Amino acid sequence: MLKLLKEIFRTGEATVKYPFAPLEVSKDFRGKPEHEAEKCIACAACTIACPPNAIQMETDIEAGTRTWSINYGRCVFCGRCEESCPTGAIYLTPDFELAVGSKADLMRRAVFTLAQCEVCGKPFAPAKEIAYAGALLAQASEAEELTDRQRTLLATCPECKRRADLQKLADMAIARQMETRK
Amino acid sequence: MDILSQDRVGASILSALRGVLPHAILQEEWQTPRQVTITVKPSALQDVVKTLYYEHYGWVSVVVGNDERSLTGVFAVYYVLSMEGPEKCHIVVRVEVPADTQEFPSVTPVVPACVWGEREVRDMFGLKPVGLPDERRLVLPDDWPDDLHPLRKDSMDYRMRPAPVADNETYPFINEAKGETTIVPVGPLHITSDEPGHFRLFVDGEDIIDADYRMFYVHRGMEKVAESRMGYNEVTFLADRVCGICGYAHSVAYTTSIENALGINVPARAQAIRSILLETERMHSHLLNLGLVCHYVGFDTGFQQFFRVREKAMTLAELLTGSRKTYAMNLIGGVRRDILGEQAAETRRVSAELRVDTQRLVDILLETANVGGRVNGVGLLDKQIARDYSPVGPLVRGSGHARDTRADHAFAGYGLVKNTIRSHDGCDVLARTLVRAEEVFDSLDLIDALLDTAPGGAILTEDFEYLPHKFALGFTEAPRGEDIHWSMTGDNQKLYRWRCRASTYNNWPVLRYMLRGNTVSDAPVIVGSLDPCYSCTDRVTFVDVRKQKSVTVPIEEVERYGRERKNSPLK
């Protein structure tokens with residue numbers, strides 16, 4: 001009993017002032033993910049990495065937009081989005097006070113414009129993602145600018161690219177036949 | 001994977017088995033040097049499991065059902081045995097269950113430890129263990145349709161909830177008392193709580209004659225969601241959430257199972273980090289339970305003190321992983337964060353502090369006069385009953401069986417350091433409490449030793465490929481005992497089958513024997529000594545066998561009576 005009393009006196013006050021004073025968390029605490037729409041290219045890597053499907057993307061072809069969204073109510077703060085992001089647009093912060101008055105406030109959205117295919121005119125990929133791919137290509141080829149062919153390829157949707165390839169193959173076959181006949 | 005025959009541990013057990021049961025084994029397949037799956041004839045199943053269990057120091061870890069109709073045309077049931085004799089290994093006994101009859105012989109009559117596993121296979125796959133003495137549902141609720149078996153590949157979408165087929169609970173509780181008893185129902189159905197269970201105590205006056213209970217009121221269907229929706233690495237984070245106290249142990253067990261199945265060589269540093277974190281988790285969990293023991297016997301000051309000290313373990317986890325709970329540190333192939341010099345130094349400092357603090361509190365706990373009388377000789381788990389039902393963790397170690405996965409099947413970084421197995425022969429609440437108290441200090445020793453011996457180098461490997469339909473076991477020693485996972489990879493970047501067994505699953509079946517012969521006021525401390533996630537069991541029904549009356553009492557009232565032992569709620 002005496003030991004217990006001693007322990008109580010030794011301990012003193014164990015309670016902290018939170019929430020009336022801020023609570024300090026450790027340096028690498030995994031808290032609320034922050035998304036910077038300016039850096040984001042809407043590539044969807046984070047939506048695939050996210051275990052609880054808190055981050056999702058929806059494409060609206062009619063409007064020509066892709067909407068990125070995060071639901072903080074589903075987030076498990078694992079940080080897989082931060083690991084998978086190629087541009088550093090999403091990262092975890094030490095913020096842990098996420099309570100809101102209404103459920104809708106747990107959602108954050110960012111809307112991105114889709115680029116239209118040069119050939120068919122249909123929207124097919126986020127304009128920023130295409131620009132990013134273009135910059136990567138330019139860097140890889142150590143050229144100042146992209147060649148016209150590269151630029152056309154970038155601005156064409158996969159379906160039109162396939163069609164163009166088929167057309168080219170067919171043309172080649174005809175050319176080869178013409179040659180053998182000669 | 002080809003395991004060289006000279007590396008195989010456990011081969012002599014198999015040859016001894018072949019000696020007594022010459023034609024029982026149809027097929028033998030080694031997953032790792034210490035893990036083998038043998039397919040046996042259904043007619044020999046009982047004899048094989050019984051021989052391995054009682055003659056070769058086997059313990060049943062888990063029973064796994066699998067719908068393999070799309071792979072082999074049949075269902076299969078796997079009996080996972082942890083062999084803890086001279087040759088320590090895992091032997092998995094596989095029996096094929098024909099898709100037309102869907103029947104296989106029950107092993108429970110000869111090895112009682114299989115009872116929950118076989119009941120679950122019956123619920124989830126609709127396979128019939130012929131001769132199973134207890135044919136009640138285990139997992140599925142009473143209002144679930146008879147012919148819908150959720151884990152069959154062709155049964156249902158993971159989001160579906162079938163229309164209820166019954167309005168009332170029909171579950172029969174079993175009372176083996178000879179004379180008359182009163183029924184005391186405890187719990188549950190507090191739907192906001194995460195883990196309710198319903199206890200029914202059969203009492204004669206104040207004495208518990210028998211007890212029965214039912215869990216799985218809020219079954220989360222994690223295995224189904226992992227198999228249907230998530231990729232391999234995503235399941236790692238789901239496994240973190242199997243338990244709110246010891247989730248990291250599940251995460252390690254799951255990643256280990258995949259790493260074993262694919263033969264991935266995980267960097268030694270990653271394995272050491274996993275062990276350090278597992279010990280951090282064990283520390284906070286054991287300190288929590290020591291606090292709860294104080295609380296249940298009415299020593300609330302002790303409870304407050306243990307929780308104050310436990311907070312240091314929580315802060316340590318936050319420092320090392322970025323979160324107090326749900327560490328999210330694992331990926332298949334290693335870990336995501338290194339322990340840097342600064343963090344290692346801080347860990348050593350906190351560990352030294354915890355050693356002193358905990359020693360003081362344990363001394364106080366053991367010297368407090370009224371604690372001894374409440375835990376000494378209370379909640380006896382007979383050594384033989386423990387042997388028959390394969391319980392795990394401090395519960396089995398408190399009944400004289402020295403079994404600890406860290407030492408028996410060294411996983412993660414435990415091969416790098418010396419492991420001590422704690423065991424006591426008291427068989428009572430005191431013995432289990434002492435095991436936990438000693439293990440807190442072992443954890444501190446292990447953390448220091450691992451920080452010293454952990455080699456440098458990479459913490460994650462990506463040098464592997466996913467191959468379809470490979471399977472293996474993964475296991476850890478969680479604070480409550482062995483966690484075991486059985487995973488089979490699929491051909492669509494998803495698990496074909498994930499069986500995740502938490503430690504308390506193996507401990508519930510023996511609880512009824514621990515409650516018998518004690519008084520009602522001891523019930524909370526006995527259930528608490530299992531260290532289950534018990535907080536949500538919020539009401540109890542008591543049935544007086546002699547007076548033929550039944551009272552339902554809120555759990556706060558039972559706990560209060562447990563602490564004060566005055567004003568019995570039964571009068």
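# Briefing on chains A and B

Among contacts in chain A between residues at least 6 apart in sequence, 69% join residues at least 24 apart; two residues are in contact if their C-beta atoms, placed from the backbone, lie within 7 Å. This is a predicted model, in which local features need pLDDT of at least 70, side-chain atom pairs count only at pLDDT 80 or more, and totals for chains, interfaces and linings use all residues. Residues are numbered from 1 along each chain as its sequence is written, while chains are lettered from A and ligands numbered from 1 in the order in which they are written.

**Chain A**

- Chain A has six helices and six strands, where helices (H or I, at least four residues) and strands (E, at least two) are DSSP runs numbered from the N terminus.
- The order along the sequence of chain A is α-β-α-β-β-α-β-β-β-α-α-α.
- Chain A is more spread out than a compact globule, because its radius of gyration is 27 Å, well over the 16 Å that the globule rule gives for 182 residues. The radius is taken over C-alpha atoms, and the rule is 2.2 Å times the number of residues to the power 0.38.
- The C-alpha trace of chain A spans about 110 × 35 × 30 Å along its principal axes.
- Of the 182 residues in chain A, 16% count as buried, meaning that 20 or more other C-beta atoms, placed from the backbone, lie within 10 Å of the residue's own.

**Domains of chain B**

- Chain B is divided into domain 1 (5-171) and domain 2 (222-501), with bounds from an automatic or database domain assignment.
- The centres of these two domains of chain B, taken over C-alpha atoms, are 26 Å apart.
- In chain B, 22 residues of domain 1 are in contact with 23 residues of domain 2.
- On the side of domain 1 of chain B that touches domain 2, S3(B) gives the most, with six residues.

**Annotated region of chain B**

- An unreviewed UniProt entry places the annotation "domain: NADH-quinone oxidoreductase subunit D" on residues 297-468 of chain B; positions follow the numbering used here, feature names are shortened, and annotations may be inferred rather than shown by experiment.
- Residues 297-468 of chain B are 56% helix and 2% strand, with end C-alpha atoms 53 Å apart.

**Helix H7 of chain B**

- Helix H7 (residues 247-262) of chain B has 16 residues and reaches 23 Å from its first C-alpha to its last, close to the expected 22 Å; the expected span is 1.5 Å times one less than the number of residues.
- H7(B) is largely enclosed by the rest of the structure, because 15 of its 16 residues are buried.

How values were computed
A residue is buried if 20 or more other C-beta atoms lie within 10 Å of its own, exposed if 12 or fewer, and partly exposed in between; C-beta atoms are placed from the backbone.
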